Amino acid sequence: MKKLLAVAAAVVVLPIAAQAQTLQYPGFYAGLEGGGNYMFQTTLNTPGIGSTANIYPNIGWSAGGMVGYDFVGPRVELEGRYDYNSATVSTGGIIPNFGASKDNITAMANLYYDFNAGGTIVPYIGAGAGVAFVHTCGLGTCGDTTQFAYQGIVGVGYNIDPSWRVNLDGRYYGTTSPTFNGLGGSSYQNNNILAMLSLQYKFGAPTVAVAAPAPAAPAAPSFIVFFDWDRSNLSAQALNTIKQAAGSYKTKGSARVTATGHTDKSGPESYNMALSLRRANTVKDALVREGVPATAISVIGKGETQPLVQTADGVREPQNRRVEIVIQ
């Protein structure tokens, strides 16, 4: 069953005022990210010296990029990221303390869910899994290991417009235990907290529609009623506009009224044709209640064939969900 878009219906008399529109559309996106990371203090099992050493990490940094597809709600994404941390290793006096470093090159598959998708502020949660290539250095030696990587994500996005989005999120990131070649081959826990800022670009997002101006000398009074997504019921504003249209008919004394229904392109063509007729008949019934004779009203359904705003198939566009009332 179709989910109701959180966009309120608006009703206007021509000239048509610009309507609130969704800022998020289905499509591919790409972006860059950067931030800081904190590796949890951990221990280094050191069979080479028969002891356990403590690792005291410093604040590190992270940078990367992503490509993904936005379903407007769920998002799937491939992420590549580089993380770096330095640390001090304390052996308890058996050997002098020494400096060490750890960096990851991580490839992750992430799944997100956006709350309030299409709005300006978009909270989201996510999780990911993948592979990490961990490079660890200390005591003049370095070693590379390949580990399973995973992360949990909580964040908030800001839709600047349908094409550009900024995200700020916090992540818990970990891998299975890497090894360190120094001190006889040791392992340690690699658990981290990251704070990441990203900028993303949506490919093929429609531009924000510009309101259409009224003709300089309209041939006949015209009115437009807008509807919620997949709905044919009338709001209070819609009823007020229909009352104005009925008043215009009564002023002319004798006229023909045409109510033409339209939909956006978010559903099947056959369904949209029937929905446009339901919307037009709903407007006709309201006009009759305001005193316009039913015999003076013609009802037409255009479905998705005559949009005010050109969009790709499947796009929910508020300005295309309408009934146009013309009095001649």
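This is a short tour of the structure, one selection at a time. The model is predicted.

**Stop 1: the whole chain**

Show the protein chain as a cartoon. The chain has 2 helices and 17 strands. Of its 328 residues, 47% count as buried.

**Stop 2: helix α1**

Select residues 236–252, which make up helix α1. The helix has 17 residues. From its first C-alpha to its last, α1 reaches 25 Å, close to the 24 Å expected at 1.5 Å a residue.

Next, colour the buried residues of α1: A238, T241, I242, A245, A246, S248 and Y249. Where do the buried residues fall, seen down the axis of α1? They fall within an arc of 155°, so they line one face of the helix.

Turn to the face pointing away from that buried side. Here you find the exposed residues A236, K243 and T251. Then step past the end of the helix. G253 follows α1, and its phi is positive, near 85°.

**Stop 3: the largest nonpolar core**

Select L234, I242, V257, V283, L287 and I325. These are the residues with the most contacts inside the largest nonpolar core, which has 21 residues. In soluble globular proteins, nonpolar side chains tend to be buried together.

Which elements each supply at least two residues of this core? They are β14 (222–226), α1, β15 (257–262), α2 (269–289) and β17 (322–327). The largest share, 5 residues, comes from α1.

Zoom in on I242. Leave aside its neighbours within four places in sequence. I242 is then in contact with V225, L234, V283, A286, L287 and I325.

Now move to a second, separate core. This one has 17 residues, including L44, A53, M108 and L194.

**Stop 4: the aromatic rings**

Show the side chains of Phe, Tyr and Trp. How many aromatic pairs are there? The count comes to 12.

Select W61 and Y84 for one of these pairs. The two rings are tilted, 6.5 Å centre to centre, with 35° between the planes. The pair links distant parts of the chain. W61 is in strand β5 (residues 60–70), and Y84 is in strand β6 (residues 74–90), 23 residues apart. Are these two residues buried or partly exposed? W61 counts as partly exposed because its relative accessibility is 44%. Y84 also counts as partly exposed, at 27% relative accessibility.

Then select Y38, F40, F148, Y150 and Y172. Ring pairs link these residues into a cluster.

**Stop 5: charges over rings**

Select R81 and Y173. The charged end of R81 sits over the ring of Y173, 4.7 Å from its centre. Next, select R278 and Y271. R278 lies over the face of Y271, at 5.8 Å from the ring centre.

**Stop 6: A127**

Finish in strand β8 (residues 121–138), where A127 is found. At 43% relative accessibility, A127 counts as partly exposed.

What is A127 in contact with, leaving aside its neighbours within four places in sequence? Its contacts are A109, N110, L111, Q151 and G152. Pick out A109 from that list. A127 and A109 are 18 residues apart along the chain, and their C-alpha atoms are separated by 8.5 Å.

Terms used. Residues are numbered from 1 along each chain as its sequence is written. This is a predicted model: local features need pLDDT of at least 70, side-chain atom pairs count only at pLDDT 80 or more; totals for chains, interfaces and linings use all residues. Side-chain values use heavy atoms; hydrogens and water are left out. Rings of Phe, Tyr and Trp (its six-membered ring) pair if their centres lie within 6.5 Å; planes under 30 degrees apart count as stacked, over 60 as edge-to-face and the rest as tilted. Helices (H or I, at least four residues) and strands (E, at least two) are DSSP runs, numbered from the N terminus. Buried means under 20% relative accessible area, exposed over 50%, partly exposed in between (1.4 Å probe, protein chains only). A charge sits over a ring if NZ of Lys or CZ of Arg is within 6 Å of the ring centre and within 35 degrees of the ring normal. Contact means heavy atoms within 4.5 Å. The expected span of a helix is 1.5 Å times one less than its number of residues. The arc is that of the directions from the helix axis to the C-beta atoms. A nonpolar core is a set of buried Ala, Val, Leu, Ile, Met, Phe, Trp, Tyr and Cys residues joined through side-chain atoms within 4.5 Å.
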